[in-house]
Amino acid sequence: MSTLSHLFPIRIVPEDIDFMGHVNNSRYLNWVQDAVLEHWRKLAPPEAVAARAWVALKHEISYRRPAFLGDKDVVATTVLESIQGARAFYETVIKRGEEVLAEVKSSWCCIDVTTLRPARINADIAAYFFPKAD
């Protein structure tokens, strides 16, 4: 099953920098969250976006290289790998140009915004993320 990837440009600001002079590890998780949520808002139909929200269940991050203030061309590419009921599994790769800075596997739970209970992702919504090959 092929899926649509989402490119999320990253701008590094002074507040991202830690005492060692590079981007603090926690910022990578913020970027992943922003990329995943933007991916949902971009591809899902408006009524699904209005009725559903996402909470992170797990992040597994592998840091490869540090990022610094002034870095250009930093982009997170996120891909929805699969959906199982109310859970979604994403892979996000953060790069500076062609250089991999971090790789993140994450799982998310879709919730109904009214009840705050888990909400299944139906096939009609999943189809927006997993288009059929022609």
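This report describes the fold, core and selected residues of a predicted protein model.

## Basis of the model

Local features of this predicted model require a pLDDT of at least 70 and side-chain atom pairs a pLDDT of 80 or more, whereas totals for chains, interfaces and linings use all residues. Residues are numbered from 1 along each chain as its sequence is written, and side-chain values rest on heavy atoms, with hydrogens and water left out.

## Overall fold

The protein contains 3 helices and 5 strands, arranged along the sequence as β-α-α-β-β-β-β-α. Helices (H or I, at least four residues) and strands (E, at least two) are DSSP runs, numbered from the N terminus. The radius of gyration is 16 Å, close to the 14 Å that the globule rule gives for 134 residues, so the protein is as compact as a globular protein of that length. This radius is taken over C-alpha atoms, and the globule rule is 2.2 Å times the number of residues to the power 0.38.

Along its principal axes, the C-alpha trace spans about 45 × 40 × 25 Å. Of the contacts with a separation of 6 or more, 69% are accounted for by residues 24 or more positions apart; a contact means heavy atoms within 4.5 Å.

## Nonpolar core

Buried residues make up 40% of the 134 residues; buried means under 20% relative accessible area, exposed over 50%, and partly exposed in between (1.4 Å probe, protein chains only). The largest nonpolar core has 33 residues, and those with the most contacts inside it are Ile 10, Tyr 28, Trp 40, Trp 54, Ile 94 and Phe 129. Such a core is a set of buried Ala, Val, Leu, Ile, Met, Phe, Trp, Tyr and Cys residues joined through side-chain atoms within 4.5 Å. Among the elements that give two or more residues to this core are strand S1 (5–10), helix H1 (25–43) and strand S4 (87–96). H1 provides the largest share, 8 residues.

Leaving aside neighbours within four places in sequence, Ile 94 is in contact with residues including Ile 10, Tyr 28, Trp 31, Val 74 and Leu 101.

## Selected residues

Most residues other than glycine have a negative phi. Asp 73, in the loop between strand S2 (52–63) and S3, has a positive phi near 60 degrees and is exposed, with a relative accessible area of 61%. Leu 116, in the loop between S5 and H3, likewise has a positive phi near 60 degrees and is exposed at 60%.

Arg 27 lies in helix H1 and is partly exposed, at 21% relative accessibility. The C-alpha atoms of Arg 27 and Asp 16 are separated by 6.4 Å, although the residues are 11 apart along the chain.
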